[in-house]
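Dear colleague,

I am passing on to you the structure we spoke about, together with some notes on what was found in it. Please look through the sequence and the model first, and then read on.

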Amino acid sequence: MIRLIEKGLMFGNLVHISSPPLVERYNRALQHLAGKTTALMDFHVDISGYSPEVGIELDDALYLNPNGVNRQFILLTTEQKRAPLLNVKFSTSRDILRDFIEMNEAQLFALTATDAVAGELVNSVIKLSTPRDLFNLRKIEIEADTIGGTLRKAQQLAGMVEQFKTEEDAWFDDVLIAKMIETAKETGDVTRNPVRLRHTAFEQRNFWTAHFGGLYLFPDMDHPAAICMGEKPDDLKIKYTFDPSQRNQIAKFLDYNDLVEPIVKARGVDATAILQQKMDFLTIDAAADADVDLTGLDRSDMRRLARNHSDRLPQAYHGLAQLLRWASDGGPWPRITSDHPAYFYTLRATDTSNRDLVNMMLAELAPLDPRQMFICHKELFYSTYANWPESKKAYVAEFLAREYQVDKAGSRAALFGHEPDMSGDDRISDEVIARVGPWGSVGRN
């Protein structure tokens with residue numbers, strides 16, 4: 001993984017924490033949430049305050065995410081809203097945290113000026129015992145306060161102020177007045193500057209979870225279904241449940257709900273370039289299995305590799321080649337049905353509220369396209385990358401650094417006709433490169 005880190009393709013845009021006051025606040029928050037502290041004086045955190053360095057130190061990659069269900073967080077600065085979320089268990093978690101920070105940015109900026117804000121994404125489930133429990137995660141509420149209890153005390157002060165203003169003899173209640181004065185020293189004037197957080201409840205409708213082998217749940221659709229990447233459970237509370245072997249049924253689900261469109265018919269994309277690149281990735285996969293040197297390849301080299309290893313090329317390659325001939329040369333329209341291995345490579349999500357989730361699922365259904373996998377499903381990309389031959393690792397890392405990192409927005413627009421925010425910015429600092437290390441599949445950029 002060190003190659004990905006060095007090229008800014010992993011653990012990018014984390015927030016650097018090195019000042020003693022921030023480290024001290026982090027430890028107070030960590031003690032409050034998890035009963036643990038770190039001895040590190042220099043580390044990086046994601047949007048939730050999770051630090052991969054601290055995770056290594058504590059030997060616990062889920063120290064802020066017990067049971068992988070109720071994500072806890074530590075906010076030291078509102079700048080964390082730009083950071084990625086590592087160790088993702090639910091596809092909605094980063095969006096919820098980012099929206100919460102942005103909706104309360106002024107208040108959180110003031111609160112984090114003097115203390116850390118700690119909290120939790122709370123739902124009615126403490127631990128997932130069966131896949132059926134996932135349907136109880138419809139509403140996520142955020143509970144948060146400073147470690148010193150500023151919000152709690154502000155609420156108490158507001159209550160005392162109201163009591164003082166409404167009770168007839170409150171002017172003579174020395175105990176009440178003394179409590180108000182003492183509390184106001186910590187909270188400030190809550191009558192002029194109310195200290196409270198808004199927008200702390202979020203609906204979780206359609207989502208992906210890493211639990212139970214990976215599940216895509218679409219209960220909030222005209223034609224609801226669940227797509228299970230692991231073993232298909234028998235007890236899901238949804239009408240239809242499919243696994244990757246049921247390609248026809250998945251294709252019908254996507255079509256009935258208008259969730260996908262063919263790349264060649266999509267507006268605002270260069271379909272021939274996208275198809276050619278997908279074919280190149282399939283060629284690289286076949287050549288890597290044959291232990292071929294993949295450095296410094298140009299277009300003629302790629303054609304030569306395809307010819308030399310034609311017997312190794314998957315059926316998906318030939319289906320894409322037919323589609324490319326139609327798109328570029330006016331050849332006959334190829335009949336690529338959902339049974340064909342190339343089918344899911346030919347699709348992209350339509351521009352709906354479920355766009356990112358659908359592109360994420362398509363990346364898993366078309367696993368030999370590392371570019372889409374990297375953009376749309378980094379958890380899967382990192383775990384898949386770890387098992388590739390070294391030559392393929394080097395080629396893909398170099399390609400992504402050269403073709404994607406230099407212009408993320410342009411690359412996403414070229415692929416999807418819009419700029420989905422599926423991953424956060426991927427900038428990376430020299431400090432992370434120097435100190436991170438090969439942490440396997442810990443993290444999402």
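Which residue just after α9 takes a positive phi? That residue is Asp 291, whose phi is about 60°. Before going further, please bear in mind that this is a predicted model, in which local features need pLDDT of at least 70 and side-chain atom pairs count only at pLDDT 80 or more, while totals for chains, interfaces and linings use all residues. Residues are numbered from 1 along each chain as its sequence is written, and side-chain values use heavy atoms, with hydrogens and water left out.

To begin with the whole, the protein has 445 residues, of which 54% count as buried (buried means under 20% relative accessible area, exposed over 50%, and partly exposed in between, with a 1.4 Å probe and protein chains only). It contains 17 helices and 12 strands, where helices (H or I, at least four residues) and strands (E, at least two) are DSSP runs numbered from the N terminus. Among the contacts with a separation of 6 or more, 66% are between residues 24 or more positions apart, a contact being heavy atoms within 4.5 Å. The protein exposes about 20,200 Å², and carbon and sulfur atoms supply 47% of that area (accessible areas come from the Shrake-Rupley method with a 1.4 Å probe, and for residues only the protein chains shown count as cover).

β3 is joined to β4 (residues 117-122) by four bridges in the antiparallel sense, and Leu 75 stands opposite Val 117 in β4.

Another open sheet of four strands has the order β7-β8-β9-β10, here with mixed pairing. Its edges are β7 (207-209) and β10 (241-242), each with a single partner strand, so one side of each has no neighbour in the sheet. β7 and β8 (residues 215-218) run antiparallel and are joined by three bridges, with Trp 208 having Tyr 216 as its bridge partner in β8. Helix α12 (residues 355-365) packs on this sheet, touching β7, β8 and β9 (225-228), and its direction makes about 145° with that of β8. The hairpin of β7 and β8 has five residues between the strands, and Phe 212 in the turn has a positive phi of about 55°. β8 and β9 also form a hairpin, with six residues between them; four bridges join these antiparallel strands, and Leu 217 stands opposite Ala 226 in β9.

In a regular strand the side chains alternate between the two faces of the sheet. In β8, Leu 215 and Leu 217 point one way and Tyr 216 and Phe 218 the other way, and all are buried.

Returning to helix α9 (residues 271-289), its 19 residues reach 28 Å from the first C-alpha to the last, close to the 27 Å expected at 1.5 Å a residue (the expected span is 1.5 Å times one less than the number of residues). The helix is mostly covered, with 15 of its 19 residues buried.

Leu 368 lies in the loop between α12 and α13 (370-376), and is partly exposed, with a relative accessible area of 23%. Leu 368 touches Phe 281, Leu 282, Asp 285, Pro 314, Tyr 345 and Lys 392, not counting residues up to four places away in sequence. Leu 368 and Leu 282 are 86 residues apart in sequence, yet 6.2 Å apart in space, C-alpha to C-alpha.

Finally, a search of the whole structure finds zero disulfides, a disulfide being a pair of cysteine sulfur atoms within 2.5 Å. Cys 228 is buried at 0% relative accessibility, and Cys 376 is buried at 1%.

With best regards

Terms used: Two strands pair if DSSP finds at least two bridges between them. Axes are lines fitted to C-alpha atoms, for helices over the stretch in contact, and angles run from 0 to 180 degrees between N-to-C directions.
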